[in-house]
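Open the model in your viewer and keep the sequence panel beside it. The stops below each begin with something to select.

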Amino acid sequence: MEVRAVYALIGEDFDLAVSRMVKEERIAKYLALFVKDTSFNDLERSFENDDMETAFRAAHTLKGVCANLGMDKLGGMASILTEDLRNGKDIIHAREYFPEFKEEFVNVIRIIEDAL
């Protein structure tokens, strides 16, 4: 499957991703790396262990990676988590919001994996 089709399936703007990453081959490479990245696992484990500092760093990393890949929806969701977790601003909301983020993240990863 071509990368443009992946972006269509996840509801993101392929042209935006190209404007940031320049080449489709580069996007494909970083999508493959994104699937292997451990930041989501770190985020989930951090919530389980009540380690909000690590959760913040993991959410912030995901926010940045999504921005670079032009994944505005998932990146926006990661941004909400990041801001909730920044300095413990709204941990209750972050915990309530995480399942929604997880559902979207798992869906995006599944689509990418199916395409690779």
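Contact, as used on this tour, means heavy atoms within 4.5 Å. This is a predicted model, in which local features need pLDDT of at least 70, side-chain atom pairs count only at pLDDT 80 or more, and totals for chains, interfaces and linings use all residues. Residues are numbered from 1 along each chain as its sequence is written, and side-chain values use heavy atoms, with hydrogens and water left out.

**Stop 1: methionine 71**

Select methionine 71, in the loop between α5 and α6. The helix names come from DSSP runs (H or I, at least four residues; strands are E, at least two), numbered from the N terminus. Is methionine 71 buried or exposed? Its relative accessible area is 1%, so methionine 71 is buried. The cut-offs are under 20% relative accessible area for buried, over 50% for exposed and partly exposed in between, with a 1.4 Å probe and protein chains only.

Now show what methionine 71 touches, leaving aside residues up to four places away in sequence: Tyr7, Ile10, Glu12, Leu31, Phe34, Cys66, Val108 and Ile112. One of these, glutamate 12, is 59 residues from methionine 71 in sequence, yet their C-alpha atoms are 5.9 Å apart.

**Stop 2: the nonpolar core**

Next, select Tyr7, Leu31, Phe34, Leu43, Met71, Leu81 and Phe101, which touch the most other members of the largest nonpolar core, a set of 36 residues. A nonpolar core is a set of buried Ala, Val, Leu, Ile, Met, Phe, Trp, Tyr and Cys residues joined through side-chain atoms within 4.5 Å. Which elements give two or more residues to this core? They are α1 (3–9), α2, α3, α4 (39–48), α5 (52–68), α6 (72–85) and α7. The largest share, 10 residues, comes from α7.

Move to leucine 43. Apart from residues up to four places away in sequence, leucine 43 touches Ala55, Ala58, Ala59, Leu62, Leu81, Leu85, Phe98 and Phe101.

**Stop 3**

Two packed helices are described by the angle between their axes and the distance between the axes. Axes here are lines fitted to C-alpha atoms, for helices over the stretch in contact, and angles run from 0 to 180 degrees between N-to-C directions.

Select α4 and α5. Their axes are 8 Å apart and the packing angle is about 155°, and α4 and α5 are therefore roughly antiparallel to each other. Angles under 35 degrees count as roughly parallel, over 145 as roughly antiparallel, 65 to 115 as roughly perpendicular and the rest as oblique. The crossing of α4 and α5 is left-handed, a term for a near helix turned anticlockwise from the far one by less than a right angle, with clockwise giving right-handed.

On the α4 side, show Ser39, Phe40, Asp42, Leu43, Ser46 and Phe47; they meet Met52, Thr54, Ala55, Ala58, Ala59, Thr61 and Leu62 in α5. This contact divides into 8 nonpolar, 4 polar and 1 charged residues. Ala, Val, Leu, Ile, Met, Phe, Trp, Tyr, Cys and Pro count as nonpolar, Asp, Glu, Lys and Arg as charged, and the others, Gly among them, as polar.

**Stop 4: α5 against α6**

The crossing of α5 and α6 is left-handed. Among the residues that meet are Met52, Ala55 and Phe56 in α5, and Leu74, Gly75 and Ala78 in α6. By class, the contact of α5 with α6 has 10 nonpolar, 4 polar and 2 charged residues.

**Stop 5: α3 against α7**

Select α3 (residues 24–36) and α7 (residues 91–115), whose axes come within 10 Å and cross at roughly 130°. α3 and α7 are therefore oblique to each other, and α3 passes α7 in a left-handed crossing. Leu31, Phe34 and Val35 in α3 meet Phe105, Val108, Ile109, Ile112 and Glu113 in α7. The classes in this contact are 7 nonpolar, no polar and 1 charged.

**Stop 6: two loop residues**

Most residues other than glycine have a negative phi. Select aspartate 50, in the loop between α4 and α5. Phi of aspartate 50 is near 55°, a positive value, and with 53% relative accessibility aspartate 50 counts as exposed. Then select asparagine 87, in the loop between α6 and α7. Asparagine 87 has a positive phi of about 55° and is exposed, at a relative accessible area of 79%.
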